[in-house]
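Please read these notes with the model open beside you.

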Amino acid sequence: MTLFLDILAFLFGLVLIVKGADWLTDGAANIAHRFHIPTLVIGLTIVAIGTSAPEFVVSLMGALRHSPDIAIGNVVGSNIFNILAIIGCTALVAPITMTRSNVLRDLPIMVISTFALFFMLIDKYLDSTATGNSLTRGDGLVLLCLFSMFMYYTMRMGKKGRKQANAQKEEEHFTELPAWLPNFFKQHSLLTNIVMIFLGLACLVYGGDTMVGGASGIARSLGVSEAIIALTIVSIGTSAPELATSIMAAHKGDHAMVVGNIVGSVVFNTLLILGASALVCPLPMTGITMIDLYVLLGASVLIWLDSKFGRGHYTITRMEGAIMVLLQIGYYVYLVIQEGI
């Protein structure tokens, strides 16, 4: 009976996530066009915050409950899934075309944040007196400072992009309003879009939480470790909002939202979520291994190099997307073999 309820919770959460992603993408894109704000900036901020909310809750609760493998593994696993599985699956739906600024500015920021986390988690290799690898409160403070710099830089780029858009007098574009909305909302399109964003965020957060709860219940019945749960079931569940939002955006041809969503989510996960979690409670790295960190580092560098030097210049093709998905599957196979399931 318990297993049946867990499966139902998983499926119900998935439905909420898909619908929430649709509302969130429409609302955010409409507001971006209305105020001449670059869609990439919306993806890097509003959408990234909303879709990273499940990771934030899980990692923070992991820190508070003294479960560092959940806190760290959730972020590491989610970032790997974001880069390989989500970008890969999205490229299979529609090849992702990136701008010059994506390749020369946004993706390098993601790589830098990943390198920062990597070096903070290899204490034993940098300090012979260290007893283990961990994220200290000092590390958390540094990550939060880097996050503040990232947000300041993003806001500056947003203002610059807005001025350019106003100068060019871009034509506004709005999607059709949902039929179920009252006439009051239909007469106030800005308010409608804000409501759509908040409804979408609510569905994403609650759906992600419900999905993770059901998936974790299923996984725990197998008797696997917290680290393996965090790197697989939990990270997939908390990354489901990013997956749904990116696929919806790609289907609608909004490539800037896809890139902004993934880059923003990875940076938020790394700098904000782990920074805040480590500040609450130091996070020793026990079940998470160096292999997991190498995979994360390799995935972030791969997506940047592929977009810059791959077959489709500044484009992630369907073939490259398929390779990324296969790499993600291979990583999961490795985890299963190592766990001895």
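This is a predicted model: local features need pLDDT of at least 70, side-chain atom pairs count only at pLDDT 80 or more; totals for chains, interfaces and linings use all residues.

1. Does Leu297 count as buried or exposed, and at what relative accessibility? At 12% relative accessibility Leu297 counts as buried, because buried means under 20% relative accessible area, with exposed meaning over 50% and partly exposed lying in between (1.4 Å probe, protein chains only). Leu297 lies in helix 11, residues 290–309; helices (H or I, at least four residues) and strands (E, at least two) are DSSP runs, numbered from the N terminus. Not counting residues up to four places away in sequence, Leu297 touches Thr114, Phe115 and Phe118, where contact means heavy atoms within 4.5 Å.

2. Residues are numbered from 1 along each chain as its sequence is written, and side-chain values use heavy atoms, with hydrogens and water left out.

3. As for the whole protein, there are twelve helices and four strands, and of its 341 residues 53% count as buried. Among the contacts with a separation of 6 or more, 82% come from residues 24 or more positions apart. The accessible surface comes to about 15100 Å², and 69% of this surface belongs to carbon and sulfur atoms; such areas come from the Shrake-Rupley method with a 1.4 Å probe, and for residues only the protein chains shown count as cover.

4. The largest nonpolar core has 81 residues, a nonpolar core being a set of buried Ala, Val, Leu, Ile, Met, Phe, Trp, Tyr and Cys residues joined through side-chain atoms within 4.5 Å. Helix 3, residues 68–93, gives the most to this core, with 13 residues. Met110 is one of the residues with the most contacts inside the core, and, leaving out residues up to four places away in sequence, Met110 touches Ile83, Val263, Val266, Val267, Ser300 and Ile303.

5. Ser113 has its place in helix 4, residues 100–120, and is buried, with a relative accessible area of 5%. Its side chain reaches the backbone oxygen of Met110 at 2.7 Å, which is a polar contact (a pair of N or O atoms within 3.5 Å; within protein, one must be able to donate a hydrogen and the other to accept it, and residues adjacent in sequence count only if both atoms are side-chain atoms). Beyond its neighbours within four places in sequence, Ser113 is in contact with Val267, Thr270 and Leu271.

6. Where is Asn133 found? Asn133 is in the loop between helix 5 (123–126) and strand 2 (134–135), and is buried, with a relative accessible area of 9%. A polar atom of the Asn133 side chain lies 3.0 Å from the backbone nitrogen of Asp123, and a polar atom of that side chain also lies 2.9 Å from the backbone nitrogen of Lys124. With neighbours within four places set aside, the contacts of Asn133 include Leu121, Pro284, Met285 and Met290.

7. The count of salt bridges comes to one, a salt bridge being a side-chain nitrogen of Lys or Arg within 4 Å of a carboxyl oxygen of Asp or Glu. The side chains of Arg105 and Asp106 meet in a salt bridge at 3.0 Å, N to O, and Asp106, at 4% relative accessibility, counts as buried.

8. Finally, please look at helix 1, residues 2–34, where Phe10 has its place. Phe10 is partly exposed at 27% relative accessibility, and it touches Thr210, Met211, Gly214 and Ala215, not counting residues up to four places away in sequence. Ile7 is also found in helix 1 and is partly exposed at 37% relative accessibility. Together Leu3, Ile7, Leu11, Leu14 and Val18 make a nonpolar surface patch of about 390 Å²; patches are made of residues with over 30% relative accessible area and no salt bridge, with like charges joined within 9 Å and nonpolar side chains (Val, Leu, Ile, Met, Phe, Trp, Tyr) within 5 Å.
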